[in-house]
Amino acid sequence: MRQGGLAAHHLACLHLGQKNIPRERRRARNRSDRLLAFVDAIHEAALAGLKEHDRLVMAKSQMERRLRERRVSSKLSDLIELVLSRPLVSTGMVQKGLKVTKQGALNLVGELGLREMTGRGRFRAWGIA
């Protein structure tokens, strides 16, 4: 699949669902028990995906509240879209994506109130908590 240019993004989701199913059910001798365990894993993965979707929608609405009294030309809305499209964003990513300076990127991140995820002073990255 990788050589053909197809990515297997669904495998990570299935693994997430499989982690919640006991090993005995996943490795059962009976084929129908294994099939039921797999279907339950798909259900668990779907529930996890819905929870993540709800979390991102809520985060987007909270971040959009900060746009209320901003100018139309503000790059803060572009930063919101960038943050929602990636799990982590760094200063360099914000610089390239929004075409701002390093200090401008830091100011925008500070205004948006993103959580610093790396715990470092340099080479920091931010994400949605």
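Visitor: What distance should the 34 residues of helix H3 span, and how far apart are its end C-alpha atoms?
Guide: The 34 residues of helix H3 (residues 31-64) should span 50 Å at 1.5 Å a residue, and the end C-alpha atoms are 49 Å apart, which agrees. The expected span is 1.5 Å times one less than the number of residues. Helices here are DSSP runs of H or I with at least four residues, strands are runs of E with at least two, and both are numbered from the N terminus.

Visitor: What kind of model is this, and how are residues numbered?
Guide: This is a predicted model, in which local features need pLDDT of at least 70 and side-chain atom pairs count only at pLDDT 80 or more, while totals for chains, interfaces and linings use all residues. Residues are numbered from 1 along each chain as its sequence is written, and side-chain values use heavy atoms, with hydrogens and water left out.

Visitor: Which residues of H3 are buried?
Guide: Ala37, Ala41, Ala45, Ala59 and Met63. Buried means under 20% relative accessible area, exposed means over 50%, and partly exposed is in between (1.4 Å probe, protein chains only).

Visitor: Which residues make the nonpolar surface patch?
Guide: Leu35, Phe38, Val39 and Ile42 make a patch of about 340 Å². Ile42 lies in helix H3 and is partly exposed, at 37% relative accessible area. Patch residues have over 30% relative accessible area and no salt bridge; like charges are joined within 9 Å, and nonpolar side chains (Val, Leu, Ile, Met, Phe, Trp, Tyr) within 5 Å. Areas come from the Shrake-Rupley method with a 1.4 Å probe, and for residues only the protein chains shown count as cover.

Visitor: How many salt bridges are in the whole structure?
Guide: A search finds 5, a salt bridge being a side-chain nitrogen of Lys or Arg within 4 Å of a carboxyl oxygen of Asp or Glu. One of them joins Arg25 to Asp40, with the closest N and O atoms 2.5 Å apart. That pair links distant parts of the chain, with Arg25 in helix H2 (residues 23-26) and Asp40 in helix H3, 15 residues apart.

Visitor: What about Glu52 and Arg55?
Guide: Their side chains meet in a salt bridge at 2.7 Å, N to O. Glu52 and Arg55 are separated by about one helical turn, because they are 3 residues apart in helix H3.

Visitor: Which residues form a network of salt bridges?
Guide: Lys60, Glu64 and Glu81. Glu64 and Lys60 are 4 residues apart in helix H3, and their closest N and O atoms are 4.0 Å apart.

Visitor: Changing topic: where do the buried residues of H6 fall, seen down its axis?
Guide: The buried residues of helix H6 (residues 102-112) are Gly104, Ala105, Leu108, Val109 and Leu112. They fall within an arc of 135°, so they line one face of the helix; the arc is that of the directions from the helix axis to the C-beta atoms. The face turned away carries the exposed residues Lys102 and Gly110.

Visitor: What is the strand order in the sheet?
Guide: The order is S1-S3-S2 in an open sheet of 3 strands with antiparallel pairing. Strands S1 (89-90) and S2 (115-116) are at the edges, each pairing on one side only. Two strands pair if DSSP finds at least two bridges between them, and 2 bridges join S2 to S3 (residues 125-127).

Visitor: What is phi of Phe123?
Guide: Phi is near 55°, a positive value in a residue other than glycine. Phe123 is in the loop between S2 and S3 and is exposed, at 64% relative accessible area.
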